[in-house]
Protein chains: 2
Amino acid sequence: MSEAALAAPMSSSALPATPSFLPLYQQIKALLMRSLQAGEWRAGEVIPSEVELAARFKVSQGTVRKAIDELATENLLVRRQGKGTFVATHAEEKIQYRFLRLTPDDATSAGMQRRLLDCRRMRAPADVLRALEMKSGEAVVELRRLLLAEGRPVVLDDIWLHGALFKGLSAEKLAGYRGPMYSLFETEFGVRMIRAEEKIRSVAAGADEAALLAVPVGTPLLSVERLSFTYGDKPVELRRGLYNTAHHHYRNVLS
Amino acid sequence: MSEAALAAPMSSSALPATPSFLPLYQQIKALLMRSLQAGEWRAGEVIPSEVELAARFKVSQGTVRKAIDELATENLLVRRQGKGTFVATHAEEKIQYRFLRLTPDDATSAGMQRRLLDCRRMRAPADVLRALEMKSGEAVVELRRLLLAEGRPVVLDDIWLHGALFKGLSAEKLAGYRGPMYSLFETEFGVRMIRAEEKIRSVAAGADEAALLAVPVGTPLLSVERLSFTYGDKPVELRRGLYNTAHHHYRNVLS
DNA sequence: AAGTGGTCTAGACCACCTG
DNA sequence: AGGTGGTCTAGACCACTTA
């Protein structure tokens, strides 16, 4: 297909009209992303091999490879030599709590326990509505939960989920699930969090929060507001966390 | 050089004995990194073209390209189509304050003013010594400064610099310099910060800090401890910042 | 042995920048 | 026009995994 493709990349047959005039590998990347979004392959599954994809898209293996490279560095895919390329998942034992940057000061590290405090369906408050880009009147699922380290509460999370995408989410379902919440979201609702933005500030504990975190009122807490996105940069979760940083810290790497 | 290289990559002539048995492009990458560290090309300068490097190292352009790709994604190099590949610098107008993640809540954004409060040379305190991997008794330069947004103090930084690397750093030199501190470090001392780790917690303002930041004692502040590294993962700067997050927040992106 | 991703090459052409 | 990085191809071989 060389000459045709070079003259007018992605021109006539074989491929749907993506924006075009993008580099070939970008178009392949977009097509792969679309397949991921459409659920053609599920979280944790293998995707077709590079040569197979090259044949499907009628391009060389190197071009497919470059597309997959980018998706891998964006953590949408995971390469495993000799085995294949897999759809990234939050369920991986090793990479659990991918989005939680809180670390114990002395790296005893023993994982955290969860305690669900509240779970209800409701009309979205105005600010949540705006953050999740929802239409006025639409429903959200509201959660409140604690994370505990060695029995002591460290994180208080208030969570709002796009209602339409999380139909049937209940306290029972959450309680009966081992492993990270984002993993449940993948398997039960087919919603995969691929990116998030956090805004962090320092605040004083109010009465409620102080009681739940077992600290005096006015204790300085880390306020972490997280907006999480699925495919297509669609925001689907807003989370307001209060972290007790007496024996933990939020770690970050700059480069 | 094809057959020889394939049989025993980086074998005899032309190339110093790097670890070897690493992929060729990783060896090239290491060599480029060494040249950067040695100061063969300075911050902001062009490095030789891909074809030239390919000739020097006796490998194909594609291999050099892959090495440069990695260095570019690690922000050590910057590619500019048609012009060449450049050594990354903190002086770039656009990418100024690369390591400062503080953002105004309403994106008025006007850059921040600096005010140097203190600058002295001293024996390193124990914790600073340990963080900078220095020998007991070695000297550090200690700085204290404020960052102000629209005239109001927002950040109070205490900074310790590896003394041996920053000989001759003085209050005058700092005061008379426009542009980010890290840029001065590059041009005056040849020390380039390429990576940093931050530990963030929430603390209450003490008496001194409250006065300097013009907030009541006990105000919740963001404590940001940053350890910055040059080439070879050598730590050269420790920084303890206190951020007033009343009208600013620390932003972070997770992926 | 066969299949997968990973490395390396050589050569073509494109897009951008500078003299 | 000539140089630079950017894209794409085709084919060879390596390293790892599974059966």
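Two strands count as paired here if DSSP finds at least two bridges between them. Keep that in mind as we walk through this predicted model, starting where the two protein chains meet.

Take strand 8 of chain A, residues 195-204. On one side, strand 8 of chain A pairs with strand 9 of chain A (residues 220-230), antiparallel and over ten bridges. One place to look is E198(A), whose bridge partner in strand 9 of chain A is R226(A). Strand 8 of chain A also reaches across to the other protein chain: five bridges join it to strand 11 of chain B, again in the antiparallel sense. To trace that pairing on screen, find K199(A) and its bridge partner R251(B), then go to A196(A), which stands opposite L254(B).

Now zoom out to the whole interface. Chain B puts 31 residues in contact with 31 residues of chain A. About 2500 Å² is buried between the two chains, with carbon and sulfur atoms giving 49% of that area. Two salt bridges are counted between chain B and chain A. In one salt bridge, the side chains of R201(A) and D105(B) meet at 2.6 Å, N to O.

Which strands of chain B supply at least two residues each to the side that touches chain A? They are strand 8 (195-204), strand 9 (220-230) and strand 11 (248-254). Strand 8 of chain B gives the largest share, ten residues. Sorted by class, the side of chain B that touches chain A has 13 nonpolar, seven polar and eleven charged residues.

What part of DNA strand C does the protein approach? Of its atoms within 4 Å of the protein, 83% belong to sugar or phosphate and the rest to bases. For the phosphates, look at E50(A), where a backbone N or O atom lies 2.9 Å from a phosphate oxygen, and at S49(A), where a side-chain N or O atom is 3.5 Å from one. For the bases, go to Q81(B): an N or O atom in its side chain is 3.1 Å from a base nitrogen of DNA strand C.

Next comes DNA strand D. L24(A), Y25(A), T63(A), R65(B) and R79(B) come nearest among the 21 residues around it. Sugar or phosphate accounts for 83% of the atoms of DNA strand D within 4 Å of the protein, and bases for the rest. Phosphate oxygens of DNA strand D lie 2.9 Å from a polar side-chain atom of Y25(A) and 3.3 Å from one of T85(B). At a base, a backbone N or O atom of G82(B) sits 3.0 Å from a nitrogen. Here the elements giving two or more residues are helix 2 (24-38) and helix 4 (61-73) of chain A, plus strand 2 (77-80) and strand 3 (84-87) of chain B. By class, the surface near DNA strand D has five nonpolar, ten polar and six charged residues.

Methods. Residues are numbered from 1 along each chain as its sequence is written. Chains are lettered from A and ligands numbered from 1 in the order in which they are written. This is a predicted model: local features need pLDDT of at least 70, side-chain atom pairs count only at pLDDT 80 or more; totals for chains, interfaces and linings use all residues. Side-chain values use heavy atoms; hydrogens and water are left out. Contact means heavy atoms within 4.5 Å. Buried area is the accessible area (1.4 Å probe) that two parts lose on being put together, summed over both. A salt bridge is a side-chain nitrogen of Lys or Arg within 4 Å of a carboxyl oxygen of Asp or Glu. Helices (H or I, at least four residues) and strands (E, at least two) are DSSP runs, numbered from the N terminus. Ala, Val, Leu, Ile, Met, Phe, Trp, Tyr, Cys and Pro count as nonpolar, Asp, Glu, Lys and Arg as charged, and the others, Gly among them, as polar. A residue is near a molecule or strand if one of its heavy atoms lies within 4 Å of it. A polar contact is a pair of N or O atoms within 3.5 Å; within protein, one must be able to donate a hydrogen and the other to accept it, and residues adjacent in sequence count only if both atoms are side-chain atoms.
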